[in-house]
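Biologist: Before we look at the model together, could you show me how to read its features one at a time, giving the general idea ahead of each case?

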Amino acid sequence: MYNTWLLITAITTVGCLWNSQQTETSKSCPTECICLSQTQVLCNTGGLEQIPLRQLPPTVENLALTKNNFPIIKPDSFAGLRALKKLSLDGNNITKIKQFAFRGLPRLKELSIQYTPLQTVTSFAFAGLQNLSTILLSHNQIARIEANAFAGTSNVKLILLSNNPLIKIDTSAFSSLTNVGHLILPSGIRTIESDAFFSMDSVGLLKLAYMDLKEVQPFTFRGLSNVLLLTLQESDLGVICIDAFTGLTQVETLQILNNKIDAIEELNFTYNANIKHLKVYGNHILETPEPSAIIIDGVDHLQLINNHFPCGCHIHTLLEGPLVEGAHNLSDFLEKNFCISPLEVNGRAMIELDIDAIGRCQDQLTKGNLGSSASSMAFSINMILLISVATIKLNTCLVLLYIIVKFFFNYGCEQKT
């Protein structure tokens, strides 16, 4: 009998505790959500038009708010949820994220905002997320990233921006991002403003692919430092302007792969740049750069493979310039690189050409002649000047003699008369 009483008491106690926990959970759980526990809440397809901040348990760590109707994420939208580690806002009709929208989330590790109509990442939208490791922003309508959008966000392992119609990256769009593992940008970028990556430090991978640029602007990469791998690939780079890479420092590997390059005004990698590996592979370079435009003193190892260069009269400029000198082996360069023009040699390896039979361009001959005959030219000019002066003096004397003769002739005629 005593044992039966103990059993009944235990069952009653457990039941009361269960009911108490259920009541407590229901009190702090929005009706549109499912609270699996005080740390995990699912509010998916609930038709929410506002974030139910007051009804959410303050201990929540994993919060999913997918496929609702949030048009705007306001400042401090999640204030008070200091335990939050993972937040998903996928599938909402978000059109704007205001400044400091995620302020007050010191433990947030992963943030996902995908499949929304979001068009612009505004300044300071993700500011202050110091412990965030992953930002997923793919499959939105993002066409612009404003300056300082990620200011104060550090220790990010991945920023995913693929599958967005991103056209323009503003100056300082990624400023103050430090310790970034991977920054993956979408295809179709048309403009990267100067200093777009200014003050980005300690970057694992920065990949820029399938761009359609008119030019790589001056100081595009200024302030970007301590990069393991920077890749520009499968893009129309247009013209690489003077100072395009000036200010880029401490890069383990810089890859320029399979691009179309209209012209290279300058490729400047001095010792201050400290580029350990420069890989130029599979590019189609439409115009031979001037030797003075190439400075690769700061590159430890240069690899030039499968590129296509003009093979007309300017081939001598290329083969005598610093690009080939940096490759250290002329025969290897000729064997592994190809011609893009003239048409009759398009696609042929340079080593197949009779380089000596290709005449130099007229401007090269002119420069050479000017250089080799500078002294003779100066002498010729001096002689011409002396002859001209002498001629002028002789002509002056003849005129004076003519005047004198005519005077005496006329005077003699008058005396006879």
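Biologist: How many disulfides does a search of the whole structure find?

Modeller: A disulfide is taken here as a pair of cysteine sulfur atoms within 2.5 Å, and the search of the whole structure finds 4 of them. This is a predicted model, in which local features need pLDDT of at least 70 and side-chain atom pairs count only at pLDDT 80 or more, while totals for chains, interfaces and linings use all residues. Residues are numbered from 1 along each chain as its sequence is written, and side-chain values use heavy atoms, with hydrogens and water left out.

Biologist: What is the pairing when the bonded cysteines are numbered in sequence order?

Modeller: Numbered in that way, the bonded cysteines of the chain pair as 1-3, 2-4, 5-7 and 6-8.

Biologist: Is the link of cysteine 311 and cysteine 339 left-handed or right-handed?

Modeller: With -90° about the S-S bond, the link of cysteine 311 and cysteine 339 is left-handed. The pair joins distant parts of the chain, 28 residues apart, since cysteine 311 sits in the loop between β26 (308-310) and α2 (315-319) and cysteine 339 in strand β27 (residues 338-341). On accessibility, buried means under 20% relative accessible area, exposed over 50%, and partly exposed in between, for a 1.4 Å probe and protein chains only. Cysteine 311 is buried at 4%, and cysteine 339 is buried at 0%.

Biologist: How many salt bridges does the count come to?

Modeller: A salt bridge is a side-chain nitrogen of Lys or Arg within 4 Å of a carboxyl oxygen of Asp or Glu, and by this rule the count comes to 10. One of them joins glutamate 320 and arginine 360 at 2.5 Å, N to O. That pair links distant parts of the chain, 40 residues apart, with glutamate 320 in the loop between α2 and α3 (322-327) and arginine 360 in the loop between β27 and α5 (362-372). Glutamate 320 is partly exposed at 48%, and arginine 360 is partly exposed at 39%.

Biologist: Which residues lie nearest the centre of the largest pocket?

Modeller: On a 1 Å grid over the protein atoms alone, a pocket is an open set of points where a 1.4 Å probe fits, with protein on both sides within 12 Å along at least five of seven lines, and lining residues have an atom within 4 Å of a point. The largest pocket is lined by 15 residues, of which Glu49, Gln50, Ile51, Ile72 and Lys74 lie nearest its centre.

Conventions
Helix = DSSP H or I, 4+ residues; strand = E, 2+ residues; numbered from the N terminus.
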